[in-house]
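Here is a short briefing on one protein chain. Look over the sequence and the coordinates before reading on.

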Amino acid sequence: MAPDRIVVVGHAAVTCLGPDLDTTWRRLVAGESGLSSRPDRLDPGQYLQDVAGLVDGVGPGTPLEDPAIARLGSRFVHFGLLAARQAWADAGLDRGDLGVPGDRVAVVVGSGLGGLDLYHAEGRRASSRKTLATGPYLVPGLIANQAAGQVSQQLGLHGPSLSPANACATGGHAIASAALLLRAGEADLAVCGASESAFTPEVVNGFVTMKAMLARKPGDRSAGDPSQASRPFSVDRAGFVMAEGAGILVLATESAARRFGLTPQAVLEGWATNSDGFHVAQPHPDRVRRCLELAIGHAGIHPEQVDYYNAHGTSTSVNDRVEAEAVKAIFGDRARALPVSSIKGAVGHALGAAPAIEAAVCVRALREQVVPPTINHRADPALDLDFVPDEARGARLGRILSASFGFGGTNNALVFGRWNDA
Amino acid sequence: MRDPQLFDAVCALIRSVVKLDPSVPIAPESTLVDDLGVDSLDLVSVFLEVQDAFGVVVDEEDLNGIVSVADLVAYVEGRRASQAA
């Protein structure tokens, strides 16, 4: 008997384009950017870069702050819970009368860096104090599993709880880990994804110093127009632009979805994770390619059956080149006809949350049959693929391959298929 | 209550820490834990806020004796006096 399929029954994202996926998707396919220069939040006297993808209007200290977690001042916890509440509602599970037992729902919500914003703020505050005391909500808000903890607590979910921390592949690992729990029978449903907000001078300046992040530079095309800062696969790409946000999927086994009357939106057909074992930050071309192959193999399909490749596409010189070469190696003669795009041009790079945001976007793309564009694109002759430049494109999408790669050499790829009840 | 301004300031700190609904009144005899829903972590937060706002050093050994808002205000008054001396 074929194993129970894993289906997506809810999806949501909180991004710099909007505090929900509907807004994010609408602006994404319109070719808009969520990036801006924000000296109000990122003081140029402290930050080497003030262009960023910030989420405004929700989170701690705002009028729309979630009162259930008001004491936890770290932004990633708020974004994670907000996206989880939205995905839960998107699945229709907020009705509460579907009979889903809380102890059969897993929560796998990770974060690359956790509550470093709170750590930084509390450290500054404590340094001026006459005693060595630190706020009692520092550690609860700092720990990287607190977004998962609050999703469990506020939604009443008591199955397994895991919080992957796999750098910029975190959200993908969370979704794959959730699928493994479902497949192993440890849970019927899983709330999975990742959340991130790590804007501190140390983190931003560290990324700039290691030349991963776009530096503030007078001659750069972002100097007059911050929306052009992130330009994946472009000839003049010069580093990623940091963002914050969260992406959450609700997964279910197909049989559980039927049992509880949940409507499948897409199928998680395959997933893969592997490790470079190579370098602290640089990707390894062979292992990246291998990860994509593993995911395609795990889905039981051939590369020709992939209709769109949703790229990691950070807008860094090395990553984009390595990734484009991996796509060419796998898709061969067909590579140039395959739509390849990175939404990071529009939403920046939300680090660990990025793969989960992209997963939610892929689910929406399957539903809408639209490929979101790579904005700010200026062709690089060395990367001759179809990057869906600047304008969204209608397409017949049966399957999407989405990949993410993280510092520490950790890779992830997911295959989403269109839901077909036949 | 010798200093009504201090009472008001302490009340504002408590409201801020525990996100107290504005409709909930705070009286001098209101107890922190039972009346205002200040849990053990909140209690530490309140004392840190007091320490930061009034420049007094709060001795953790003294905290057990503080039950009501009036107790806390009196404690701050006492610490200010002794630490200013």
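This is a predicted model: local features need pLDDT of at least 70, side-chain atom pairs count only at pLDDT 80 or more; totals for chains, interfaces and linings use all residues.

- Of its 15 residues, 13 are buried, so the rest of the structure largely encloses α12(A).
- A:Gln369 follows α12(A) and has a positive phi, near 60 degrees.

**The sheet**
- Ten strands of chain A form an open sheet with mixed pairing, in the order β5-β4-β6-β7-β1-β8-β14-β13-β9-β10.
- Strands β5 (161-162) and β10 (340-341) of chain A stand at the edges; each has a single partner strand, so one side of each lacks a neighbour in the sheet.
- Strand β9 (residues 308-310) of chain A pairs with β10(A) in the parallel sense, over two bridges.
- A:Asn310 has A:Ser341 of β10(A) as its bridge partner.

**Helices on the sheet**
- Helix α6 (residues 170-183) of chain A packs on the sheet and touches several strands of chain A, among them β8 (266-275) and β14 (410-418).
- The direction of α6(A) makes about 165 degrees with that of β6(A).
- Helix α2 (residues 75-90) of chain A lies across β1 (6-14), β4 (105-110), β6 (189-196) and β7 (245-253) of chain A.
- Helix α2(A) runs at about 135 degrees to β1(A).

**Annotated span**
- An unreviewed UniProt entry places the feature "domain: Ketosynthase family 3 (KS3)" at residues 3-418 of chain A.
- Residues 3-418 of chain A are 31% helix and 18% strand, and the end C-alpha atoms lie 18 Å apart.

Methods: Residues are numbered from 1 along each chain as its sequence is written. Chains are lettered from A and ligands numbered from 1 in the order in which they are written. Side-chain values use heavy atoms; hydrogens and water are left out. UniProt positions are given in the numbering used here, feature names are shortened, and annotations may be inferred rather than shown by experiment. Helices (H or I, at least four residues) and strands (E, at least two) are DSSP runs, numbered from the N terminus. Buried means under 20% relative accessible area, exposed over 50%, partly exposed in between (1.4 Å probe, protein chains only). Two strands pair if DSSP finds at least two bridges between them. Contact means heavy atoms within 4.5 Å. Axes are lines fitted to C-alpha atoms, for helices over the stretch in contact, and angles run from 0 to 180 degrees between N-to-C directions.
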